[in-house]
Amino acid sequence: MSSKRIAYPIFRAVMLTVVVITLVVPFLWMVLSSFKSNLAITDPKQLFSFNPTLTNYETVFGVADFLPFMINSLVIGAASTVVSLIIGVPASWVMARYQMTKSSTGVLVARIIPTVSLLIPWYYIFAQTGLAGTYTSLILAHMFVSLPLIVWIMLGFFEQLPIDLEESGQVDGLTPIGAFWRITLRLSTPGLATAGILSFIFSWNNFMFALILSSAQTRTLPIALYNFISYASIDWGGLMAASVTITLPVCVFALIFQRYVVAGLTAGSMKG
Amino acid sequence: MTPPKPVAQTASALSDFANKHRKYVLAGPATFFITCMLIIPLGFTVYLSMTGASGSVSRNADFLGLANYAEILFGNDRFWPAVWRTVVFTSVVLTVEMLAGLGIALLLWRTFRGDSILRVIILLPLVATPVAVGMMWMLIFHPTIGAANEILSWFSVSAQGWLSDPRQALPTLMFIDIWQWTPMVTLILLAGLRSISDEPLEAASVDGANSFQRLIHVILPTLAPTLVTALLLRAIDALKTFDIIYATKGKGGGSYHEAETLNILAYSYSFDYQYYGKASAVLVLFLIIILTICCVLIIMRKKQRV
Amino acid sequence: MQLKKMVVALAATALLVPVAACSSSTPKDGGDQPTLHVALPTHAWTNAIKESIPEFEKVSGIKVDLTTFGEDQLSDQYNVKLNTKSKDFDVMMFRPPQDGKLFVQNEWLAPIDDYLKQADAAYKWDDFLPATRDSVTVDGSIYGAPLITEQEVLYYNKKLLASAGVNVPTTMDELEAAAAKLTDKGKGQYGFLSRGQLSASVTQFSSFLYSFGGDFDNGKKATLNTPEAKKAYEFYGRMLNQYAPTGTTEMNWIQAMPIFAQGKVAFYTDVSSLSPNLDDPATSTVVDDWGVAPFPAGPAGSHPYNISAWALGINAFSEHKDLAWKFMEWATGQDMSLKLQQKGQSLARASLYASAEGTKGFRDDMIAAIKSSTAAGVAVGHDRPLVIKVSEAREIIGKPIVTGIDGGDVAAAIEEAQTLYQKFLDSETKA
């Protein structure tokens, strides 16, 4: 019995160490490479012993000028999240309260569809309405991902929220919408934070929409990454520094809001 | 009953209307948005799939009816292999992710010192930008300058082609997907495990069940709905995997199309070959496949709950 | 409570930022200073011209807005945007051999014949290398100004050659003998390398094909199974199968060049424009050891391709075509060409290679190689089939190459490719 009690923690420690190494080492490698010159990267002998350099980061923020792309990613991520919250949260509330399964399924189809099929029609519509390449078109495109995500998360959240408080509010003379606004929403801060944070991360990481829909002024970070692969050369050091630059903020962000990210990723699984 | 408060009494006609039709007023904008962004483009894609549109969509194209579908289903040498690869990719990746995810979740189930740090680390692959992750692995798996081969050489294992070897490309991509998404399964299952009450487990222990028996007879049945949900969420994304394949293998998925899944095939047909008609037909078929799989999983999920 | 405040603050900034951004995102066209939008790939030429843009803006009063994309991403952009008749860009850099026919057929490019007629005498259209002028001409109209020229050349590693006492080969037979002698796989040393990836290999294979006396087609009929073509396929496949590192079937230049740059390969055939990478001590250990020679002669002589890899064209939907031409005239004119050539570009003007000034930045052996391969009667003006749907054709033609590299049944693969390619050509002429 006692040997078993010791054995399991050891087994657990060994297994979890393996897991952590597998998950973390690639990132460390990326970070390490971002401080290497290209010659050091291409020379396997300089795996660990090399002269660290900041040149790659100078390229990222100098020649490649990543700052505007960062601002674009931030603007598009924040705006699509906020607008999606504004129209998505009330929608998921009525869907949850009145069991509007058809509408909620409809919204979820948006999560399932392969987005390649939407790109050309979207671009066509945006071009006709003069929105092509603007922030508006990208925000709308990103909302196509954030809105279903937010509805999915909030649907689960509202279903779990006891209905009694709302009802007692209505008894006190509040209209149903009033009860939602004054009571339910105030209790929903964790849910809202979860939905918003996750939606922002998804937008930050999105590649395909901006690949097709952005213009020079509205390009986001994942597309800018390709500036390091040019017609006749590939700048590995710069590419890795750029990858770190893109990944680091979102990782830090996720770590700060860890609780909400986890709640969002696991949302919907606990329902029913 | 207490008399209504003055605040509510001032409700204007507008708010009366809004409250009366709250279903439509509140759900309206979201539904309208999704409809515009989804139904219209989808209709356009279905229309394109029945034409010979190629080169440029604004040029006049012949209406072909179902000819594109017939060609793709019966006369195309890239469609079925792509279906096969999509299915293999998804099923292998899901199996490993579910098993590994469950394993890690079980290890993390009971709290211990430092487990919160682990739960933070586990988040990293999930939130990292997929294109950047693709670039990172492209360097690590580079056949001549990559770290993977260098590490193999320490153990006197000869250099592998990884992403650049037609036989290894898809397995390598599976590895990357597993690396990135197992944590998601872990987190979902961990949440599920934490909500299992102790009583049935203790009862089982009292009955003399060992850990393995408890896992099979108590934990897994209770966890089943969560497992199916994790499966559903992952299946949707795994079927549509795009970013890492595009970043590492490009359009067409390699010399033998060895990494060409349905999504990549559709992308190459649209943006490399400019066969918009054919590409749209592939997309419609792809959508039908995804919807079928999702419906099956959703039905499974409903059954688990009853 | 803390969190609630933060969410509110976040929401407020998120709402304000796009409002500010939207107002600035509307293009500032009109007014007295029009803006010209130029779409470019990430390319050394792009970097070189960037520095001179302010000069042009000052002289012309036109504001220039450059957008750069990776090569693949740029073609994705064109596909989506021009499909919807976008006016997002006025001047577009494109790849005549790859995109030319398709873009013209789709009516995405505006012809520039009239502009050329009115152009300043100093512009000298006739100065562009004949093969490059051909490559931007479709059905008698001119659709672009050639920028970068490329020829296939033979790179070699002086050190490896000297150590084995091997001379620089001038024929295919000598090349194979030398490659065999220099291959020592146990030591990680290889005799030969070239692109082997399905689609990417076709362009580098083309010079072999021509030098063996073959071509892809004769305009109407596929000619992949002629005795000459068969020999070329077998040769290329065998060279990469026996004397190259493993994994060449997935190699574009991105994967192949670093292996040569690491000094592991004796001979490497690829485009001349890759040479700056070999001179860069940050990526290359062969800076002092690499040499370059004209493409070796096959049974039909030495016939490398000489193409205009990139050209500038005008978007057919552009509303600023005249300004676009002004920019093109400036960017591809005599003065700017000389300036950019001196920064290491190999441009399409013949005069640059005739003058000491134009060849200042080049090594002697590179100049010799370029001169000999651009000579009349030697160079072939295409490095891939002259068809509309180039991507599809390349994947058909590349199949026997890949089969050969992997040691499969090349003869059978050639027959299959011949049939498919004929079918493809028929469908193109019908359309």
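Which domains does the domain assignment of chain B give? The assignment gives domain 1 (15-21 + 24-49) and domain 2 (78-305); such bounds come from an automatic or database domain assignment. This is a predicted model, in which local features need pLDDT of at least 70, side-chain atom pairs count only at pLDDT 80 or more, and totals for chains, interfaces and linings use all residues. Residues are numbered from 1 along each chain as its sequence is written, while chains are lettered from A and ligands numbered from 1 in the order in which they are written.

**View 1. The two domains of chain B.** The C-alpha centres of domain 1 of chain B and domain 2 of chain B are 32 Å apart. Four residues from domain 1 of chain B and six residues from domain 2 of chain B take part in the contact, where two residues are in contact if their C-beta atoms, placed from the backbone, lie within 7 Å. The side of domain 1 of chain B that touches domain 2 of chain B has two nonpolar, two polar and no charged residues. Ala, Val, Leu, Ile, Met, Phe, Trp, Tyr, Cys and Pro count as nonpolar, Asp, Glu, Lys and Arg as charged, and the others, Gly among them, as polar.

**View 2. The two domains of chain C.** For chain C the domain assignment gives domain 1 (35-149 + 307-374) and domain 2 (151-306 + 384-430). Their centres, taken over C-alpha atoms, are separated by 28 Å. In the contact, 21 residues of domain 1 of chain C meet 20 residues of domain 2 of chain C. On the domain 1 side, α5 (96-105), β7 (145-157), β11 (306-315) and α17 (364-374) of chain C each give two or more residues; helices (H or I, at least four residues) and strands (E, at least two) are DSSP runs, numbered from the N terminus. The most, seven residues, comes from α17(C). By class, this side of domain 1 of chain C has 11 nonpolar, eight polar and two charged residues.

**View 3. The contact between chain A and chain B.** Chain A gives 78 residues to the contact and chain B gives 75 residues. On the side of chain A that touches chain B, the largest share, 13 residues, belongs to helix α1 (residues 2-34) of chain A. That side of chain A divides into 57 nonpolar, 18 polar and three charged residues.

**View 4. Helix α13 of chain A against helix α8 of chain B.** Helix α13 (residues 236-256) of chain A and helix α8 (residues 130-140) of chain B pack with their axes 9 Å apart, at an angle of about 145°. Axes are lines fitted to C-alpha atoms, for helices over the stretch in contact, and angles run from 0 to 180 degrees between N-to-C directions. A:Trp236, A:Leu239, A:Met240, A:Ser243, A:Ile246 and A:Thr247 of α13(A) meet B:Ala132, B:Met135, B:Met136 and B:Leu139 of α8(B). Of the residues in this contact, eight are nonpolar, two polar and none charged.

**View 5. Two residues with positive phi.** Most residues other than glycine have a negative phi. B:Ser156, not a glycine, has a positive phi of about 60° and lies in the loop between α9 (147-154) and α10 (169-194) of chain B. B:Ser156 is exposed, with 6 other C-beta atoms within 10 Å. C:Lys124 has a positive phi near 50° and is placed in the loop between α6 (113-118) and α7 (130-135) of chain C. C:Lys124 is partly exposed, with 14 other C-beta atoms within 10 Å. A residue is buried if 20 or more other C-beta atoms lie within 10 Å of its own, exposed if 12 or fewer, and partly exposed in between, with C-beta atoms placed from the backbone.
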